[in-house]
Amino acid sequence: MKRTVLALMIALLAAGVGWTQDAEQRKSAVSFQLGGSFVAPVGAEAEFFLGPVGLSVHTRLLVLKLAGEWAGTLEPGINLRVYFDGLNRSLFFFTGAGFLTLWSLNPFSFEQGILKPKAGFGYNLLLGKEGRYRLGFEIGAAWLQNVIEGDLYDIVFPLVPHFLLIFGRAF
């Protein structure tokens, strides 16, 4: 199964590189993310466009002070987006995975690790005179799977909704 998914991702990336690009095609974007997870709701993303395919890396986090101790979450991840009709005003399909880490500061330790594969659909819009500003959203589902056992967060419902707002700048 893993080999099939890897082969599919490589084929999509190769198709994206071979796709003809016009002069107005954007090559990358840097974005601010809001949502995506109830426990890590704010983040940043860098996406690289290879024709109709976008490959992105992101990190989202949340930091809290609970009972005098600092604790929080960190979720680095990677996404693959396939845009149906270019980047401007286009629906896209996305898939990806993140690794949600729950940590505490006193003493510094990682309390739990959760693998979070996700998939769904979204919409991307380029705004401004030259289409440099990006606005988008994603809606889909994520699956939560314990990788590092911990007692902070019990996974009762492993299938959770995924909703993400994207604000950024395309280059």
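Which residues does Leu 126 touch, not counting residues up to four places away in sequence? I found Arg 26, Leu 87, Asn 88, Arg 89, Gly 131, Tyr 133, Arg 134 and Ala 170. Touching, or contact, means heavy atoms within 4.5 Å.

**Ground rules**

I am working with a predicted model, where local features need pLDDT of at least 70, side-chain atom pairs count only at pLDDT 80 or more, and totals for chains, interfaces and linings use all residues. Residues are numbered from 1 along each chain as its sequence is written, and side-chain values use heavy atoms, with hydrogens and water left out.

**Overview**

I counted 1 helix and 9 strands in the chain. These are DSSP runs numbered from the N terminus: helices are H or I with at least four residues, strands are E with at least two. Along the sequence, the order reads α-β-β-β-β-β-β-β-β-β.

I then checked burial: 37% of the 171 residues count as buried. Buried means under 20% relative accessible area, exposed means over 50%, and partly exposed is in between (1.4 Å probe, protein chains only). For contacts between residues at least 6 apart in sequence, I noted that 55% join residues at least 24 apart.

**Nonpolar cores**

I went back to Leu 126 and found it in the largest nonpolar core, which has 8 residues.

**Rings**

My search of the whole structure gave 6 aromatic pairs. Rings of Phe, Tyr and Trp (its six-membered ring) pair if their centres lie within 6.5 Å; planes under 30 degrees apart are stacked, over 60 edge-to-face, and the rest tilted. Tyr 83 and Phe 92 make a tilted pair, 5.2 Å centre to centre with 55° between the planes. Tyr 83 is buried at 3% relative accessibility, and Phe 92 is buried at 1%.

Next I looked at Phe 93 and Phe 121: their centres are 5.7 Å apart and their planes sit at 65°, so the pair is edge-to-face. Phe 93 is in strand S5 (residues 90-105) and Phe 121 in strand S6 (residues 108-127), 28 residues apart. I also noted that Phe 49, Tyr 83 and Phe 92 form one aromatic cluster.

Why does the Arg 81 and Glu 45 pair tie together parts that are 36 residues apart in sequence? Arg 81 lies in strand S4 and Glu 45 in strand S2 (residues 42-50), so the pair spans that separation. They form a salt bridge with the closest N and O atoms 2.9 Å apart. A salt bridge needs a side-chain nitrogen of Lys or Arg within 4 Å of a carboxyl oxygen of Asp or Glu. By that rule I get 7 salt bridges.

Arg 81 also meets Glu 138 in a salt bridge, at 2.6 Å from N to O. Is Arg 81 buried or exposed? Arg 81 is buried, at 0% relative accessibility. Glu 138 is buried at 0% too, and Glu 45 is buried at 3%.

Last entry: salt bridges that share partners join Glu 45, Glu 47, Arg 81, Arg 134 and Glu 138 into one network.

Definitions and conventions. Core = buried A, V, L, I, M, F, W, Y, C linked by side-chain atoms within 4.5 Å.
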